[in-house]
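I opened my notebook today to look up a few things in one structure. Come along and check each entry as you read.

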Amino acid sequence: MLIKAKLDSLQDTGIDHHALLKQFDHLNHMNPDKFESMDLDMLIKAATSDLEHYDKTRHEEFKKYEMMKEHERREYLKTLSEEKRKEEEYKFEEMKKKHENHPKINHPGSKDQLKEVWEETDGLDPNDFDPKTFFKLHDVNNDGFLDEQELEALFTKELEKVYDPKNEEDDMVEMEEERLRMREHVMNEVDANKDRLVTLQEFLKATEKKEFLEPDSWETLDQQQFFTEEELKEYENLISLQENELKKKADELQKQKEELQRQHEQLEAQKLEYHQVIQQMEQKKLQQEISPSGPGGESKL
């Protein structure tokens, strides 16, 4: 009924479906006159694929971010004396220990995790926990689904156990990566039809699984290795190549600047020379106009 209503509303608006279909390679071009359920299914699949690609890209960018952090840290250490380097290494290890010293993280999507949200965020008695009521409470826009943003909001309490923006040792970029990992995990466990939306039926079915009641422990980012030494070395080589290329371009631009400066100075010198010639001619003309005449009326000059 929901899909039919969507299709009817599209057709009632008088949209040029042929033009609409041309915008998307993944839609059904064999039926250009109507926007039907097949078109909607294909659009959903394509959008889902695009979002999966987006998540993959985010993970790759996060990995590069972590490698760049480590690269910059090592490069900074190279600039220090041995004594200062030891102090920085000690401080780094202490910050790591402080960050890792946090309360237990509940497994995302588990009963313990949802009950904590129920109690601390919703302000309800944990003994009255009800999955159906919980779903409706957190379906913020009342569309019958828990979308990705609504799911990610459920993990805020867990993330606050690990990350505090006021703490030097807590990286907020890492917090958002942790949130993304939690959401992906719950989607993989709960979203049966892989449309990146959780229905009430999917949610209730997930609460009947053993994993919901007796989940495995959740490994946070501080318990994982983002990259190997080989990957870091390869990344540093890439950075070095990029820096050399940028230096080469900078040298070329400097040469162009110097050449432009030389041409400018040459033009200024010519301009000054022309100005002096004109000034001399003006002075000569002025002298001719005011010079005294001889007995025959001719100029003495």
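My entries on a pocket, a helix pair and salt bridges follow.

**Ground rules.** I noted that this is a predicted model, in which local features need pLDDT of at least 70, side-chain atom pairs count only at pLDDT 80 or more, and totals for chains, interfaces and linings use all residues. Residues are numbered from 1 along each chain as its sequence is written, and side-chain values use heavy atoms, with hydrogens and water left out.

I looked up the largest pocket and found a volume of about 990 Å³. A pocket here is an open set of points on a 1 Å grid over the protein atoms alone, where a 1.4 Å probe fits, with protein on both sides within 12 Å along at least five of seven lines; lining residues have an atom within 4 Å of a point. The volume is the space filled by probe spheres set on the points.

I listed 28 lining residues, with Lys69, Glu70, Arg73, Phe92 and Lys96 nearest the centre. Helices α3 (37–78) and α4 (82–100) are the elements giving two or more residues to this lining (helices are DSSP runs of H or I, at least four residues, numbered from the N terminus). The most come from α4, with eight.

**Salt bridges.** I counted 27 of them, each a side-chain nitrogen of Lys or Arg within 4 Å of a carboxyl oxygen of Asp or Glu. In one, Glu70 pairs with Arg74, and their closest N and O atoms are 2.7 Å apart. Both sit in helix α3, four residues apart, about one turn of the helix.

**The helix pair.** Which residues of α5 meet α6? I found Leu114, Val117 and Trp118 in α5 against Thr133, Phe134, Leu137 and His138 in α6 (contact means heavy atoms within 4.5 Å).
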